[in-house]
Amino acid sequence: MSNIYVNGCGAVSPAGWGIAPLRAVMANATPLPSKPLARPGWERPLTVRQVPPPEPRPAFLAHARLRRTSPITQYVVSAALEALGGDAPAVKNGTLTLGIVLCAMSGCVNYSRRFYDEALRDPATASPLIFPETVFNAPSSHLATLLGTPAMNYTIIGDPGTYLQGLALGAQWLVEGRVDGCLVVGAEECDWLTSDAFHHFSRQLVLSDGAGAIYLKRDTGTPNPIELKCVTEPCLFTKGQRRSRAVKQVRAKLPPSAANHLLSDSFQNIPRFDAAEANAWQDWTGGRLSAKTILGEGLMAAAAWQCVLAIDALKQERYAAASVSVVGCNQQAIGAHFVNSAFKS
Amino acid sequence: MLFPSPHRVSSPPRVVITGAGVITSLGTGWNDNAEGFRLGRVALKPVSLFDVSRQRVKVGGEVTLPSSLPSSELGSRQEQRLDRATKLLLIAAAEAWKQSGWQSTGHLPMVLGTTSGGMGLGEAYYQQALKAPQDHRRQPSRVHHYQAQTQALILADAFGFTGSVTLIANACASGSNAIGHAWELLRKGHYERVLTGGYDALSQMVFAGFDSLQALSPTQCRPFDAQRDGLALGEGAAILTLETLRHAERRGATILGELVGYGSALDTHHLTQPHPEGAAAVASMNAAMQSAELWPKDIDYINAHGTGTPLNDAAEANAISRWAGNRAATLPVSSTKSSIGHLLGAAGAVEAVICLMALRGQWLPPTSTIQTPDPACSFPVVRYPTAAKLEYALSNSFGFGGANASIILRRWHE
């Protein structure tokens with residue numbers, strides 16, 4: 001037993017703001033429609049699946065630190081608050097020490113592109129209001145300020161497998177007693193620049209944005225909590241280790257297939273990208289969930305959605321356990337395993 | 001498993017440094033840098049990497065890269081594709097690797113700090129994407145090599161190892177956070193050795209960003225000077241090979257120093273401005289001291305974050321004064337950013353190596369550009385090359401978003 005439990009989850013996705021719309025589109029099993037995104041210099045637009053505008057406008061946007069933030073921070077805060085639930089006041093009054101691990105791959109790309117564009121036009125007039133929002137840790141800093149927590153706060157970057165590293169880091173902080181609770185958030189925001197970059201590798205790939213958050217604690221005070229059983233060592237894609245071998249190694253570290261187990265994989269219905277994972281998990285006999293086939297390639301947010309959806313399925317007691325397989329873009333394969341305590345006996 | 005860790009330790013092992021590599025505008029490698037920092041040389045010059053004609057400030061700590069890269073397991077095609085940031089990282093890592101005597105087999109985790117990875121490639125990508133939207137040449141390679149994880153994997157390929165890669169992007173505290181996190185991994189018994197450090201290259205966007213904030217000094221970077229008017233940006237990398245004392249002794253390694261403490265805290269005052277009283281800085285130093293089981297009286301030198309901006313240095317001076325109490329009056333403090341500028345994600349790592357150099361050489365690195373110390377400094381600011389008896393050195397790193405980190409190094413007695 002790891003004794004680290006999921007105390008709450010939150011999500012913002014192209015399906016909408018919250019876990020409920022995410023659950024609904026997954027149940028519908030139909031890929032969300034993509035939308036055009038203008039790309040300067042091209043007649044034909046790129047296609048993306050973006051988070052719809054919030055309705056109503058979230059109250060947290062009135063906070064002084066959040067007025068100028070780009071979408072990624074808004075997604076992070078919304079998902080984090082949903083995951084944190086009723087514990088927010090305890091964080092604010094200092095009775096609960098809350099750590100934050102924010103994971104991102106592209107990060108604050110909207111303002112980075114905007115600022116660089118201004119700097120290229122004329123650096124003398126580039127906006128000092130935008131630049132600070134370009135740093136990777138701006139969203140986690142805003143979130144910590146809103147919640148009023150000066151405790152452990154790391155922003156870690158990498159390919160989508162990094163989200164599971166973030167879970168392991170947060171869990172470790174809890175084991176060591178450095179925090180009473182830890183929010184692990186994965187987030188991205190769409191921009192034509194990121195979509196353009198991925199367009200070089202696949203015309204089929206549709207980028208999406210949003211965030212997913214998991215709130216970990218040592219105890220939940222609720223019956224049958226979901227336990228984070230393990231996170232595997234990441235297996236890198238290096239010169240000496242091909243992608244297919246890395247994914248197989250991760251597969252071997254996770255529990256074997258069972259009819260009442262769920263696999264939340266990182267398939268996206270692009271055979272070239274899915275091949276290694278398909279091969280490694282071909283003997284899987286349990287349930288299967290492929291979030292990215294419905295929501296698009298949300299990078300770090302997608303890895304978080306994979307976990308959030310697996311936990312959600314366990315909470316509804318549809319499965320006894322769930323494995324999450326994340327095969328990243330260019331860094332690593334990694335896996336995590338969650339169990340529903342109700343099924344332990 | 002990454003979690004839960006299969007390893008348990010009854011008492012945390014001591015963590016030692018067996019290799020250190022560094023590259024800054026002062027030069028390539030330990031010797032050039034040690035001599036430069038000992039004498040307080042200033043290595044700032046007009047920036048030539050990109051157009052600064054429309055910037056308020058036109059100088060920075062630009063590195064002169066060596067004509068060839070150190071030998072490694074990278075192929076020539078791989079080497080040709082390396083961007084400036086990766087070259088800095090590779091050069092520093094090669095020096096540390098060679099010094100440590102580590103072999104290229106087995107599992108080796110890596111913890112690195114950076115703020116912008118291969119930003120220069122991102123900028124080139126963006127410019128081509130706008131100016132020649134139908135021209136895809138070199139763009140896929142730029143996308144791939146721009147990313148920090150690619151740079152880390154190139155190190156793994158260069159030295160032939162594999163293991164978890166953790167990239168911490170806590171703004172200007174990233175390098176110290178990376179070293180501190182690596183230290184914790186060893187102390188908790190997760191691993192016996194970790195490669196760690198930080199790197200960042202100068203880039204047009206970041207340079208323009210700091211200039212837009214009017215954070216760059218239009219005169220000269222003078223940390224803790226009463227008339228200070230801003231920072232200088234620089235670039236570079238520093239890498240440390242950390243291992244448990246037992247592991248180092250078992251293989252007969254030469255030990256350069258010991259890492260004994262790490263602390264971090266978040267300042268929620270403002271995205272770019274520190275709390276005037278430096279509350280989080282005090283918390284960060286206290287956390288490091290607690291982990292090292294030391295008191296301020298034990299510290300012999302502080303390498304301050306000391307950017308040279310009016311707000312940072314005032315807050316840090318307040319924090320050090322409050323934290324050190326009576327000890328402040330005799331506690332030597334300096335900022336080496338006067339010599340090489342602010343290296344952002346590399347700053348904490350390079351400054352850790354400077355502390356290591358000072359501990360080994362028993363000297364204090366001066367802030368040589370200071371003219372009139374700020375009266376807010378209740379501590380002596382080191383202004384001239386000075387010999388000293390040092391046992392413990394503390395290094396501070398504070399960043400945007402309120403990321404604060406402190407690490408403590410100890411002299412190694414042969």
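# Chains A and B around Val185(A)

Reader: In which strand does Val185(A) lie?

Author: Val185(A) lies in strand S7 of chain A. Helices (H or I, at least four residues) and strands (E, at least two) are DSSP runs, numbered from the N terminus. This is a predicted model, in which local features need pLDDT of at least 70 and side-chain atom pairs count only at pLDDT 80 or more, whereas totals for chains, interfaces and linings use all residues. Residues are numbered from 1 along each chain as its sequence is written, while chains are lettered from A and ligands numbered from 1 in the order in which they are written.

Reader: Is Val185(A) buried or exposed?

Author: Val185(A) is buried, because 31 other C-beta atoms lie within 10 Å. A residue is termed buried if 20 or more other C-beta atoms lie within 10 Å of its own, exposed if 12 or fewer, and partly exposed in between, with C-beta atoms placed from the backbone.

Reader: Which residues is Val185(A) in contact with, leaving aside its neighbours within four places in sequence?

Author: They are Val76(A), Ala79(A), Ala80(A), Leu102(A), Cys103(A), Ala211(A), Ala213(A) and Ala304(A). Two residues are in contact if their C-beta atoms, placed from the backbone, lie within 7 Å.

Reader: Which strand does S5(A) run parallel to, with six bridges?

Author: That partner is S7(A). Within this pairing, Gly99(A) stands opposite Cys182(A). S5(A) also pairs with S6(A) in the parallel sense, over five bridges, and there Leu102(A) has Thr155(A) as its bridge partner. Two strands count as paired if DSSP finds at least two bridges between them.

Reader: How many residues of S5(A) are buried?

Author: Seven of the seven are buried, so S5(A) is largely enclosed by the rest of the structure. Leu98(A), Ile100(A), Leu102(A) and Ala104(A) are buried on one side, and Gly99(A), Val101(A) and Cys103(A) on the other, which leaves both faces covered. In a regular strand the side chains alternate between the two faces of the sheet.

Reader: Turning to the open sheet of three strands, what is its order?

Author: The order is S3-S4-S8 in chain A, with mixed pairing. Strand S3 (35–37) and strand S8 (207–208) of chain A are the edges, each with a single partner strand, so one side of each is left without a neighbour in the sheet. S3(A) runs antiparallel to strand S4 (residues 46–49) of chain A, joined by three bridges, and Lys35(A) has Val48(A) as its bridge partner.

Reader: Which helix packs on that sheet?

Author: Helix H7 (residues 192–199) of chain A does, touching S3, S4 and S8 of chain A, and its direction makes about 110° with that of S4(A). Axes are lines fitted to C-alpha atoms, for helices over the stretch in contact, and angles run from 0 to 180 degrees between N-to-C directions.

Reader: What are the domains of chain A?

Author: The assignment gives domain 1 (5–217) and domain 2 (226–343); such bounds come from an automatic or database domain assignment. Their centres, taken over C-alpha atoms, are separated by 21 Å. The contact between them involves 47 residues of domain 1 of chain A and 37 residues of domain 2 of chain A. On the domain 1 side, H6(A) gives the largest share, seven residues. That side has 30 nonpolar, twelve polar and five charged residues. Here Ala, Val, Leu, Ile, Met, Phe, Trp, Tyr, Cys and Pro count as nonpolar, Asp, Glu, Lys and Arg as charged, and the others, Gly among them, as polar.

Reader: And what does the domain assignment give for chain B?

Author: Chain B has domain 1 (15–250) and domain 2 (263–411). Between these domains of chain B, 58 residues of domain 1 are in contact with 58 residues of domain 2.

Reader: How many residues does each chain bring to the contact between chain A and chain B?

Author: Chain B brings 53 residues and chain A brings 56 residues. The chain B side divides into 28 nonpolar, 21 polar and four charged residues.

Reader: Which strands pair across the two chains, over two bridges?

Author: Strand S6 (residues 153–157) of chain A pairs with S6(B) in the antiparallel sense. Ile156(A) and Ile168(B) are bridge partners there.
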